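Student: I have a model open and want to learn how to read it. Where do we start?

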Amino acid sequence: MKFGKVAHPETIDFSMPNTHEDTFRVLSNNKNNADLSVYVGCAKWNKADLKGFYPKGTKDELIYYSSQFNSIELNATFYRQFPPEQFEKWKNKTPKGFKFFPKLTQEISHWKRLEGVAEIVNYYLDAATKLEEKLGTIFLQLHANFGPKNLDRLQNFVESWPKNIPLTVECRHTDWFTEAEISRDFFSLLEKNNVANTIVDTAGRRDMMHMRLTNNEAFIRYVGANHPTDYQRLEDWVERLYDWVEAGLKNIHFFVHQNLEVESPLLAAYFIEKLNKKLGLSLTIPNEQQQQSLF
């Protein structure tokens with residue numbers, strides 16, 4: 001993942017911003033008796049990207065990946081529409097409890113920019129819902145030049161979205177986060193429609209660490225820099241998520257990217273081990289025997 005990549009990550013201030021004050025209000029208002037639900041994964045399962053993760057002789061990468069992780073941020077669906085049959089195949093290859101968090105196709109978000117997309121969205125949802133209980137939150141990632149002047153388009157899209165299918169939105173234009181009045185309108189739109197506000201932790205875009213949750217879901221896309229600071233940043237996330245769980249957070253969806261994706265499983269394993277200890281979880285640590293040197 002190249003978004004937010006910098007040449008010298010050691011020069012970046014990775015200190016974690018304070019939690020947005022409205023996050024605690026949202027978590028307090030949305031407290032319920034549900035059990036804590038935690039899904040951690042990578043962005044892809046291809047052997048070419050995750051070289052070294054798969055044992056020799058692995059015949060089906062998804063089957064093995066889903067034995068080590070409980071989720072995947074499904075980026076493949078951004079690049080093209082897949083037919084319903086493909087989603088059914090993915091569902092049938094993975095174990096009980098596994099979830100897919102698919103990205104909406106770029107035709108919706110980038111080419112048509114949310115305008116006149118009802119037919120495309122309906123086809124996408126008809127296909128993606130073949131995952132049934134294994135369908136997690138669908139996520140909309142908007143182009144970096146999709147600015148606040150397009151708020152009406154975003155509002156129409158969000159308000160038209162089926163209320164029974166979880167959605168998260170990732171805006172990349174900096175004005176969504178750095179202009180106070182615009183931020184209030186944007187966050188309010190998501191909050192009123194029970195849509196999650198994606199948090200992106202990447203070196204070159206610290207403004208996207210807005211720390212503003214808009215419902216009881218923390219959907220976090222973590223981008224490591226293939227640098228030693230990656231591990232401290234993950235430890236900081238463990239502490240912050242603990243604070244949010246104490247405040248009432250029930251749903252954690254955390255996806256690990258890297259500029260060079262080969263190291264993503266290593267970072268994810270480190271994060272899961274730390275999170276298990278802090279939150280009293282028992283998530284599988286991917287390739288645990290190979291990761292011991294990290295812990």
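Tutor: Start with an open sheet of three strands, ordered 4-5-6 with parallel pairing. Helices (H or I, at least four residues) and strands (E, at least two) are DSSP runs, numbered from the N terminus. Two strands pair if DSSP finds at least two bridges between them. The model is predicted: local features need pLDDT of at least 70, side-chain atom pairs count only at pLDDT 80 or more, and totals for chains, interfaces and linings use all residues. Residues are numbered from 1 along each chain as its sequence is written, and side-chain values use heavy atoms, without hydrogens and water.

Student: Which are the edge strands of the sheet?

Tutor: Strand 4 (138–141) and strand 6 (196–197). Each pairs on one side only. Strand 4 runs parallel to strand 5 (residues 167–170), joined by four bridges.

Student: Now strand 8: how many of its residues are buried?

Tutor: Buried means under 20% relative accessible area, exposed over 50%, partly exposed in between (1.4 Å probe, protein chains only). In strand 8 (residues 218–224), seven of seven residues are buried. Check both faces. One side carries Ala 218, Ile 220, Tyr 222 and Gly 224. The other carries Phe 219, Arg 221 and Val 223.

Student: What does strand 8 pair with in the parallel sense over seven bridges?

Tutor: Strand 9 (residues 251–258). Strand 7 (residues 199–201) also runs parallel to strand 8, through three bridges. Follow Arg 221 across: Val 200 stands opposite, and Phe 255 is the bridge partner in strand 9.

Student: On to charges. How many salt bridges does a search of the whole structure find?

Tutor: The search finds 17. The criterion is a side-chain nitrogen of Lys or Arg within 4 Å of a carboxyl oxygen of Asp or Glu. Arg 25 and Glu 191 meet at 2.7 Å, N to O. That pair links distant parts of the chain, helix 1 (residues 21–29) and helix 9 (residues 180–192), 166 residues apart. Arg 25 is partly exposed at 32%, and Glu 191 is partly exposed at 26%.

Student: Where do Glu 273 and Lys 277 lie?

Tutor: Both are in helix 11, four residues apart, about one turn of the helix. Glu 273 is buried at 8%, whereas Lys 277 is exposed at 64%. Elsewhere, shared partners join Asp 22, Arg 25, Glu 191 and Arg 212 into one network of salt bridges.

Student: Is Arg 113 buried or exposed?

Tutor: Arg 113 is buried, yet has no salt bridge. Lys and Arg count as positive, Asp and Glu as negative; His and the chain ends are not counted. The nearest side chain of opposite charge, Glu 115, is 8.1 Å away.

Student: Which side chain does Arg 113 join in a polar contact?

Tutor: Asn 145, at 2.8 Å. A polar contact is a pair of N or O atoms within 3.5 Å; within protein, one must be able to donate a hydrogen and the other to accept it, and residues adjacent in sequence count only if both atoms are side-chain atoms. Arg 113 sits in the loop between helix 5 (106–111) and helix 6 (118–128). Beyond four places in sequence, its contacts (heavy atoms within 4.5 Å) include Glu 107, His 143 and Phe 146.
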